[in-house]
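Colleague: Before I rely on this fold, I would like to go through the terms used for it and see what each one rests on.

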Amino acid sequence: MTANECLIKFNSIKECLSDVLWMYFEIQSADSEQVVLVGKEDEFAEPMLEIVFVQPFMISCPMHFTYEGGDFIGLAPQEEFYQMNERYHIGQGYHIFKIKVENRRFFIIAKSMHVSIR
């Protein structure tokens, strides 16, 4: 997955989030093959946004959180990638997906991502 392909996916997520005031997110499942992050109108609703991170390397993210506006997801800049790579020895072909919620930043390091919007 290239950085441009990531940007296309980020734009679809941004468009989906622009239609809501807030969204409840939770990690629905996580294993060595994929991490599934879903967004819902509330805790009990059916997911309206599903982000699947493929071949995860590392996760630094709470199991559930709420989004209340602003930027949500992006790629870590090269300098930050290099700093994290020194600490965690990230393999070639991975991206650091940064999730920004309120004043906190989480990350999921994975090879690629898929987005489904319902």
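Colleague: What makes the strands an open sheet, and in which order do they lie?

Modeller: This is a predicted model, in which local features need pLDDT of at least 70 and side-chain atom pairs count only at pLDDT 80 or more, whereas totals for chains, interfaces and linings use all residues. Residues are numbered from 1 along each chain as its sequence is written, and side-chain values use heavy atoms, with hydrogens and water left out. Strands here are DSSP runs of E of at least two residues, helices are runs of H or I of at least four, and both are numbered from the N terminus. Two strands pair if DSSP finds at least two bridges between them; seven strands are arranged as S4-S1-S2-S3-S7-S6-S5 with antiparallel pairing, and S4 and strand S5 (73-75) are the edge strands, each pairing on one side only.

Colleague: How do you know that S2 and S3 are paired?

Modeller: The criterion is at least two bridges, and six bridges join S2 to S3, so the two antiparallel strands count as paired. Val35 stands opposite Phe53 in S3.

Colleague: What makes you say that H1 packs on the sheet, and which strands are involved?

Modeller: Contact means heavy atoms within 4.5 Å, and H1 touches S1, S3, S4, S5, S6 and S7. The direction of H1 makes about 90° with that of S7, where axes are lines fitted to C-alpha atoms, for helices over the stretch in contact, and angles run from 0 to 180 degrees between N-to-C directions. Helix H2 (residues 78-88) lies across S3, S6 and S7, at about 110° to S6.

Colleague: What is meant by a nonpolar core, and which residues touch the most other members of the largest one?

Modeller: A nonpolar core is a set of buried Ala, Val, Leu, Ile, Met, Phe, Trp, Tyr and Cys residues joined through side-chain atoms within 4.5 Å. The largest has 26 residues, of which Phe25, Leu37, Phe53, Phe72, Ile73 and Ile99 touch the most other members. H1 supplies the largest share, five residues. A second, separate core of eight residues includes Ala76, Phe81, Ile96 and Phe107.

Colleague: Why is Ser32 called exposed?

Modeller: Exposed means over 50% relative accessible area, buried under 20%, and partly exposed in between (1.4 Å probe, protein chains only); Ser32 has 59%, and is therefore exposed. Ser32 is found in the loop between S1 and S2, and touches Gln55 and Pro56, not counting residues up to four places away in sequence.
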